[in-house]
Amino acid sequence: MRNLLSFFLLFYVLTIHSQVQTLSDNFEGSGNINNWYGDGCFLDSQYANPHQIGINNSATVLQYSDTGGQYANVRFDAGSNFNLTTNSTFTLKVYVPSASITGGQLNQISLKLQNGSLSEPWSTQCEIIKPIVLDQWQVISFDFANDAYVNLNPNAANPVDRFDFNRVLLQLNGENNNAHVTCYIDDFQYNVTASTFNNLVWSDEFDGNGAINSNNWFYQTQLPSGGSWHNGELQHYTNRPINSYLSNGVFNIVAKKEAYYSQGQTKQYTSARVNSKFAFKYGRVEVRAKLPTGAGTWPAIWMLGKNVIEPGSFWSSSNGTVYWPACGEIDIMEHWGNNQNYVQSAMHTPSSFGGTVNRAGQTIPTASSQFHIYALEWTADRMVFSVDNVVHYIYNPSVKNANTWPFDAQQYILLNVAIEPSVTPSFAQSAIEVDYVRVFQQNALAIVTSLNKDAINLYPNPFEDRLTITGNTNILGSRVKIYSILGQQLQSFLLNELENNIDLSDLQNGIYLIKIETQNGSNSFRVIKN
């Protein structure tokens with residue numbers, strides 16, 4: 001009983017800590033960092049962006065000019081100490097013009113954590129250094145749980161085991177030199193918190209081959225009035241196997257160049273568009289996908305309000321009450337083949353829609369050659385968008401009403417590939433490949449979230465390297481899935497014994513969700529690895 005109470009207490013403490021701190025600044029007035037300070041340098045936190053290109057079209061940025069000071073840097077104090085056990089990653093965008101550099105310093109940026117309460121705050125400093133590329137905007141991530149770091153005091157503890165940091169310091173091209181450098185910083189974020197959405201409530205793993213699960217998805221093929229899809233798109237959406245199918249556990253939506261007649265219209269391209277038959281309010285959506293290529297392709301992972309009036313969609317006939325954009329649209333991921341590797345997230349509301357101002361993205365060099373996890377965290381007050389846990393956009397309007405926040409009602413998921421008028425004549429076909437779609441929501445504090453008819457026990461809890469799982473004969477052949485607190489599936493295996501001693505030495509210390517699927521249903525457990 002003591003271990004059980006300790007577990008509840010620890011999980012409660014970690015959950016509270018994970019919500020303590022979210023810091024961001026886009027240098028356009030909507031951030032919550034208001035005490036930027038420059039040491040030995042020139043600082044302007046509302047400087048007109050001189051390089052509105054690539055991944056950053058922001059109007060204003062932070063300008064930082066080291067004009068020869070030996071220890072030039074910019075910094076801010078957070079107001080409370082960081083908890084790196086549940087929130088270890090800082091991200092920002094940076095641009096360094098090559099013409100601004102003197103001397104022979106390395107092209108790099110460092111993020112240092114310090115204790116600003118000390119008279120010598122640098123004495124307990126921990127630093128991560130990352131290389132940069134000149135003359136372009138880039139997203140840099142500093143992860144104190146996984147990146148190589150340098151403690152100024154070599155005897156200091158691992159940063160994730162410390163709770164004394166409350167200052168962030170940024171430095172270009174090192175210190176203890178008199179070289180010059182100017183840089184521009186934008187979209188600073190410290191908000192990749194441990195998600196409280198850790199209960200998997202709906203998913204499609206797209207296992208097998210052939211047709212997708214019709215209990216999960218609906219093919220939307222009906223043309224809007226006027227005979228063409230929006231934005232001048234050129235495709236017919238179909239439910240044919242040639243445009244969408246499962247292959248070796250991956251869902252393919254294939255856009256093809258072909259003449260196709262339907263609903264009184266002949267179009268020269270075909271594709272597919274599916275609606276989820278599941279709708280929800282608040283949670284974390286994860287979609288692991290590989291994107292198509294070709295100028296004119298426009299794949300999307302997105303959401304619409306269940307209350308949208310859109311004839312031909314799954315929910316419209318039974319729930320439609322308002323037209324777009326009053327229903328709200330959440331674009332988790334959009335990618336345009338004429339801007340290869342740039343992925344964007346956006347919000348469409350009555351206050352801004354179509355060419356909405358509410359958008360941002362990042363460059364993923366392997367967007368079409370490798371799978372990546374595109375995620376949305378949707379709470380009552382904000383939307384957080386990320387790729388592989390690197391956040392690139394937060395939507396958090398200061399005033400939330402029907403015009404800016406029609407997101408207090410259920411939404412459903414859409415997957416599709418559209419074809420734009422800019423498609424090149426040589427385009428033949430390309431597909432978005434989707435490995436899985438998962439939705440997580442908040443779960444009540446509990447060790448077991450089922451009747452546990454299978455008499456399953458997990459011990460010791462907390463454990464170190466090995467965890468024992470026991471039960472009655474119903475657990476034989478059961479599937480075990482292990483998830484991180486962020487909701488990412490880490491392992492999957494079968495139980496072949498009544499007593500199973502599992503080697504989990506490869507997992508990092510922390511909290512994990514274990515789901516065991518038996519013939520009686522799903523049993524969920526939270527465990528701690530010390």
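**Strands, a pocket and backbone details**

Reader: How many of the eight residues of strand E4 are buried?

Author: Strand E4 covers residues 60-67 and is mostly covered. Strands (E, at least two residues) and helices (H or I, at least four) are DSSP runs, numbered from the N terminus. Buried means under 20% relative accessible area, exposed over 50%, and partly exposed in between, with a 1.4 Å probe and protein chains only. In E4, the buried residues number seven.

Reader: Which pLDDT do side-chain atom pairs need to count?

Author: Residues are numbered from 1 along each chain as its sequence is written, and side-chain values use heavy atoms, with hydrogens and water left out. This is a predicted model: totals for chains, interfaces and linings use all residues, local features need pLDDT of at least 70, and side-chain atom pairs need pLDDT 80 or more.

Reader: Which residue of E12 is the bridge partner of Ser 65?

Author: Two strands pair if DSSP finds at least two bridges between them. E4 has five bridges to strand E3 (residues 42-48), antiparallel, and there Ser 65 partners Phe 42. E4 also pairs with strand E12 (residues 180-190) over six bridges, again antiparallel. In E12, the partner of Ser 65 is Thr 182.

Reader: Which residue of E28 stands opposite Asn 275?

Author: Strand E19 (residues 273-280) has seven of its eight residues buried, so it is largely enclosed by the rest of the structure. Three antiparallel bridges link E19 to strand E14 (residues 217-219), where Asn 275 partners Phe 218. Five antiparallel bridges join E19 to strand E28 (residues 411-419). There, Asn 275 stands opposite Leu 414.

Reader: Which residue makes a polar contact with the side chain of Glu 258?

Author: Glu 258 sits in strand E17 (residues 250-262). A polar contact is a pair of N or O atoms within 3.5 Å; within protein, one must be able to donate a hydrogen and the other to accept it, and residues adjacent in sequence count only if both atoms are side-chain atoms. For Glu 258 the distance is 2.4 Å, and the partner is the side chain of Arg 240.

Reader: Which residue of E34 is the bridge partner of Arg 466?

Author: Three strands form an open antiparallel sheet in the order E30-E31-E34. Its edge strands, each pairing on one side only, are E30 (457-459) and E34 (499-503). Five bridges join strand E31 (residues 466-470) to E34. In E34, Arg 466 partners Asp 503.

Reader: Which strand gives the most to the lining of the second largest pocket?

Author: A pocket is an open set of points on a 1 Å grid over the protein atoms alone, where a 1.4 Å probe fits, with protein on both sides within 12 Å along at least five of seven lines; lining residues have an atom within 4 Å of a point. This one is lined by 35 residues, and those nearest its centre include Arg 359 and Tyr 393. Elements that give two or more residues include E12 and strand E27 (390-395). With four residues, the top contributor is E27.

Reader: What is omega for the cis peptide bond between Tyr 459 and Pro 460?

Author: Pro 460 lies in the loop between E30 and E31. The cis bond joins Tyr 459 to Pro 460, with omega about -15°.

Reader: Is Phe 27 buried or exposed?

Author: Phe 27 is in the loop between E1 and strand E2 (37-39). Its phi is positive, about 60°, although it is not a glycine. With a relative accessible area of 2%, Phe 27 is buried.
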